[in-house]
Amino acid sequence: MSPYAYIAPFFTLFAAFGLFPLIYTAFVSLYRVELQTPGDMEWRGLDNYTALFTDDFFWTSLRNTFTIGVISTVPQLVMALGLAHLLNYRLRARTFLRTAMLLPYATSVAAATLVFAQLFGRDFGLINYVAGLVGIGPIDWQTGTVASQIAVSTIVVWRWTGYNALIYLAGMQSIPQELYEAAEMDGASKWRQFFHVTLPGLRPTIVFTVIVSTIGATQLFGEPLLFEGSISGGISHQYQTLGLYMYEQGWGFFHLGRAAAIAWVMFLLIVVLVGVNALLAYRRSRKEAVR
Amino acid sequence: MTTLADPPVTPPARPEKPPHRRARRSRAGRTNHAGKLTYAILTVAVLVSAFPFYWTIVAASRSNADLARVPPSLLPGPNLLRNFEAVLEEADIGKALLNSFIVSGSITLGTVLCCTLAGFAFAKLRFRGRGALLAITVGTMMIPPQLGVIPLFMLIAELQWVNQLQAVILPGLVSAFGVFFMRQYLVQSLPDELIEAARVDGASTARIFWSIVVPVARPGMSVLGLLTFMAAWNDFFWPIVALSSSEPTVQVALRQLGGGYVHDQSVIMAGTLLGTLPVLLVFGLLGRQIVGGIMQGAVKG
Amino acid sequence: MPTARAARRVTARLGALVLTGALLAACGGSSDADSADGAGGKITLTVDLFGSFGYKEAGLYAEYEKLHPNVTIKQTDTEDEADYWKSLQTRLAGGGGLADVQGIEVGRIATVTQQQADKFEDLKKYGAESLKGQFAEAKWAAATGKSGEVLGLGTDVGPEAMCYRTDLFEKAGLPTDREELAQRWSSWDGYLELGKKYKAKAPGKSAWLDSVGSLYSIMIGQQKERYYSASGELIWDKNPALLEAWDRSVEAAESGLSAELDQWSPQWNQAFAAGSFATIPCPAWMLGYIKGQAGDAGQGKWDIAKLPGGAGNWGGSYLAVPRAAEHKKEAYELIKWLTAPEQQEKLFRKVGNFPSSTGAIDKVAGTTDPYFSDAPIGKIFGDAAKAAPVQVLGLHDQSIAQQITNALSEVERKGTDPDKAWKNASKGVANTLG
């Protein structure tokens with residue numbers, strides 16, 4: 001059997017359902033294509049893009065993607081780091097704790113969002129009830145711009161914190177023991193060890209999780225869609241993300257060409273963000289090396 | 001599949017080295033016994049992780065009127081079976097579960113097979129274009145498949161596959177991560193001498209694959225299968241585009257539930273519970289292995 | 001990390017899971033085959049609808065199944081028409097998953113006749129031409145394609161009235177008699193005036209009206225030209241009648257008359273029973289919603305009066321058979337029966353959907369409804385149906401309407417500046433038209 005026969009099944013599928021759609025997206029974005037008649041394509045040139053750049057809803061969704069990305073990613077990774085540190089102690093019920101942390105990861109976006117949408121209800125939600133007990137509220141988690149973005153981000157944070165904690169934990173366990181021993185001999189406190197041994201040792205892992213989370217945040221879709229079941233991301237688009245706006249253009253307004261332009265913009269955004277991340281990581285590690 | 005659901009792309013470490021690790025652990029300065037505070041914080045974290053599940057059970061076992069009551073009831077009620085019945089009838093969750101089993105099962109089997117084949121070729125066989133092809137595979141690993149849904153939709157519309165399960169299964173089989181994962185696994189755990197010896201004995205490549213590679217690759221295949229199954233079960237964007245309420249997967253059915261299909265909140269929560277149970281079951285049985293798989297994938301950046 | 005033994009265990013468990021899946025799949029496959037076309041000629045007709053057609057509630061499916069023992073009817077229903085339409089369009093484009101019978105809202109029928117005539121059966125094939133005399137002329141004409149195809153059969157029309165809660169009115173010291181109210185709110189100004197009076201003495205936290213979106217929708221229904229002119233030109237943003245409806249809705253929002261509920265949302269559903277609003281503009285098909293959501297507890301608390309500002313029509317639907325349907329002939333038989341005068345009459349009496357069939361309109365003239373304090377619904381809606389203008393229908397009626405009601409709920413719920421909301425609506429419409 002030729003070696004090519006081994007890779008043929010994968011590459012056939014990959015070409016048809018992986019590579020082709022990605023490349024063809026760029027092509028489609030130059031045409032007017034309507035969902036009802038996907039066969040009829042009408043040349044548009046860059047019009048889909050210029051239309052986007054003069055479209056306020058596009059900028060709103062770009063801004064929302066960014067803000068939701070920050071309020072979901074930063075707390076998530078910081079908490080994950082802390083939890084990983086704690087999980088790295090010698091613990092009883094170690095496996096149970098790890099599995100329990102990973103539990104949210106096992107649920108689907110849809111299930112998690114439906115439950116959280118219920119918890120965040122304005123009139124009868126549990127969260128507003130508890131907030132009411134301490135004299136806050138009631139907060140309109142659906143209508144308020146900041147409130148709704150926090151609510152949507154909460155779902156993301158809940159689902160991914162445990163997962164990232166385990167990644168960090170794995171990273172921590174592969175840091176050579178000798179480094180800690182040396183630090184201890186120098187009389188470094190536990191805190192100093194965390195900042196001067198653990199964090200630098202984890203840098204590649206951190207860069208990795210930042211990149212993955214950035215990509216995840218850029219294409220955030222299910223949470224804002226199901227939060228109220230609105231494809232516009234709330235009545236004034238207050239939590240509509242780029243992913244959701246792409247869906248609205250394609251499957252709400254039926255403009256597949258315009259949706260493809262959004263997809264391509266998202267792609268470029270991801271490339272840029274990942275590039276910046278990688279560059280920063282590279283420059284920092286060079287600086288450390290020089291020092 | 002969502003990119004996020006895939007574990008990190010760093011090379012998996014050799015899976016079997018417990019003695020070594022245990023040794024490291026015991027002399028470790030940092031693996032101190034945890035204090036009370038640590039346990040307290042971790043307990044809170046576990047509670048936060050688990051509470052939404054508990055709340056789902058509470059809400060699913062009550063009635064709509066209970067859920068619109070202040071103060072809310074925090075204990076499960078008597079209506080669980082009634083709500084299950086309602087959601088099975090109104091939202092066809094039964095069919096959705098069946099479809100999800102078909103879809104996720106097929107994707108898991110297909111992905112593991114394709115990726116093991118390709119991973120083996122990339123790890124141990126020499127052929128022209130190997131480097132370039134591997135580079136393409138790895139290079140696209142980080143690109144979210146969500147960005148290709150428009151042409152993909154045009155493609156399946158052209159094939160008249162909308163609302164048919166193969167529209168979800170076939171694109172789901174593509175896992176660049178899986179190929180890379182199996183390649184790394186086999187590079188590290190399949191000694192070249194084993195293959196050479198078999199060659200000398202006159203075994204064909206096909207034979208080598210089935211009787212030597214697969215047995216060695218099995219632990220890696222299991223981990224990949226688990227992760228693939230969960231990711232396929234939870235996949236959201238593409239199924240809601242390609243399928244509809246008349247041929248739903250669980251996620252499509254949940255979207256319908258959330259979109260005003262059913263008016264009763266407790267029935268919606270019952271549907272959510274039913275749709276999540278199978279994954280929780282897998283998790284309960286194999287949680288340790290999933291944790292291991294994710295951490296294994298992460299070691300070394 | 002799995003040792004070799006643990007790994008075998010994983011494999012075994014995983015294998016068992018996958019096998020279970022495969023077995024289930026096999027069973028599923030065979031049971032599917034059973035339910036399709038059994039040997040005894042038993043068939044399942046699928047009916048996919050939105051909102052509240054009321055067939056199930058009125059027992060019409062059960063009756064049809066009794067008349068045709070070989071037929072089982074399975075209905076799916078999406079509450080929000082916008083969601084329904086999206087899903088229908090996707091399936092039409094991709095060929096799969098279409099039901100034997102699909103419902104079409106009147107605001108979408110122009111899309112079907114102008115752009116999708118090739119996706120639906122021409123019902124003339126089955127002799128639909130002979131039914132023409134049964135229907136109101138405009139209803140029939142709207143579903144006729146460019147080359148005379150009959151693409152759908154009319155179900156109901158949406159003559160408009162105003163539904164109100166007599167118990168809440170009483171508590172607020174307002175008159176409860178429907179004749180007197182009709183006089184007091186003969187104009188929309190009168191209606192808003194009364195609303196302000198209500199607000200001053202409103203019982204509990206109740207509001208005058210469910211949402212300004214519904215107010216807008218009912219007002220625009222009184223117009224002949226709404227989004228397109230009779231010559232087919234897009235006029236919505238300069239149509240004086242539309243602008244007036246907008247201004248009035250904004251006034252209602254800014255005076256705090258609305259309960260700020262999005263129509264068709266879960267909160268809206270809950271509010272019927274909770275008594276969160278005193279009036280709701282009601283096309284005939286809304287009666288079924290009210291009964292369903294307010295439940296038995298609402299019996300006798302509601303009444304219906306003539307609509308302020310003249311007669312109008314909001315909504316009404318068609319039933320169509322997609323080309324890709326599995327049982328086209330049987331589907332036609334079903335929709336022919338469902339839209340026949342006798343069934344339309346039954347439907348009106350039971351759930352309130354007003355007949356589009358001329359024969360039925362006369363027969364229901366004397367109907368009263370005990371749920372709504374014995375209001376003469378036959379007369380109120382019959383008069384409205386006769387006096388309502390024949391509306392100009394356009395390609396994007398429904399989508400434009402949706403953008404406007406979205407913008408209005410922004411004004412009422414977020415306090416967005418009306419000019420800004422109007423701009424958002426314009427942008428939304430531009431997006432829709434692409």
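**Strand 4 of chain C and its partners**

In chain C, strand 4 and strand 8 (residues 313-320) run antiparallel and are joined by four bridges; strands are DSSP runs of E of at least two residues, helices are runs of H or I of at least four, and both are numbered from the N terminus. Two strands count as paired if DSSP finds at least two bridges between them. The model is predicted, with local features requiring pLDDT of at least 70 and side-chain atom pairs pLDDT 80 or more, while totals for chains, interfaces and linings use all residues. Residues are numbered from 1 along each chain as its sequence is written, and chains are lettered from A and ligands numbered from 1 in the order in which they are written.

L153(C) has L319(C) of strand 8 as its bridge partner. Strand 4 of chain C also pairs antiparallel with strand 6 (residues 277-283) over five bridges, where A161(C) stands opposite C282(C). Four bridges link strand 4 of chain C, again antiparallel, to strand 7 (residues 302-305), with R165(C) partnered by W302(C). Of the 13 residues in strand 4 of chain C, 13 are buried, that is, with 20 or more other C-beta atoms, placed from the backbone, within 10 Å of their own.

Chain C holds 18 helices and nine strands. Buried residues form 54% of its 434 residues.

Turning to the interface, 88 residues of chain B are in contact with 83 residues of chain A, contact meaning C-beta atoms, placed from the backbone, within 7 Å. Helix 14 of chain B gives the largest share of its side, 16 residues.

Notes. Buried ≥ 20, exposed ≤ 12 C-beta atoms within 10 Å, placed from the backbone. Contact = placed C-beta atoms within 7 Å.
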